[in-house]
Amino acid sequence: MSPLIKSILSTRAGYGLTILRIVVGVIFAAHGSQKLFGWFGGYGLAGTAQWMESIGLAPGTLMALLSGGTEFFAGLALIIGLLVRPAALGLTILSVVAILSVHIHNGLFMANNGYEFALALLGGSLAVLLEGAGKLSADRAIAH
């Protein structure tokens, strides 16, 4: 196995990060499914694209597809523990963009559409990015 692939799949983390990884993955996958498919009360790709255009993220369809696809597929990757570092990198970037483009002007708290929730997801994504998938993961099984 090449050193690059081994470093991507390696993990120093235990069961605690496994739990964090799965919970964060479920949240992101659910949010992505709202954007892409309209599940769980979401607006689907067309509605999300229209909203993204309205806040200045253009072209709206591409931005909705990129954000929804990243949330959904990287969320699934976190849930199963496969290629979690690249997935967590994508989710980290996505969270920073969400905080800076949507939530930052509303303050911290969710009651005002602030960045509190996005910041918590950013922290979870960064933890997975730095520590790896944890003991119960496809990455760990492949690396060994």
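Colleague: What makes the crossing in which H3 passes H4 a right-handed one?

Modeller: The term describes how the near helix is turned from the far one: clockwise by less than a right angle is right-handed, and anticlockwise by less than a right angle is left-handed. H3 passes H4 in the right-handed sense, whereas H4 passes H5 in the left-handed sense. The model is predicted, so local features need pLDDT of at least 70 and side-chain atom pairs count only at pLDDT 80 or more, while totals for chains, interfaces and linings use all residues. Residues are numbered from 1 along each chain as its sequence is written, and side-chain values use heavy atoms, without hydrogens and water.

Colleague: How do you know at what angle H3 and H4 pack?

Modeller: Axes are lines fitted to C-alpha atoms, for helices over the stretch in contact, and the angle between N-to-C directions runs from 0 to 180 degrees. For helix H3 (residues 44-54) and H4 this angle is about 115°, and the axes are 7 Å apart. Helices are DSSP runs (H or I, at least four residues), numbered from the N terminus.

Colleague: Which residues of H3 make the contact with H4?

Modeller: Contact means heavy atoms within 4.5 Å. On H3, Leu45, Thr48, Ala49, Met52 and Glu53 take part; on H4, the residues include Gly60, Met63 and Leu65.

Colleague: What are the corresponding values for H4 and H5?

Modeller: The axes of H4 (residues 60-80) and H5 (residues 84-103) come within 9 Å and cross at roughly 145°. Among the residues in contact are Ala74 and Leu78 of H4 and Leu91 and Leu94 of H5.

Colleague: Why is Ser137 called buried?

Modeller: Buried means under 20% relative accessible area, exposed over 50%, and partly exposed in between (1.4 Å probe, protein chains only). Ser137 has 11% relative accessibility and therefore counts as buried. Ser137 lies in the loop between H6 and helix H7 (138-143), and touches Arg21, Ile80 and Gly81, leaving aside residues up to four places away in sequence. Arg21 is itself one of the buried residues of H2.

Colleague: Against what do the buried residues of H2 pack?

Modeller: They pack against H3, H4, H5 and helix H6 (116-131).

Technical notes. Helix = DSSP H or I, 4+ residues; strand = E, 2+ residues; numbered from the N terminus.
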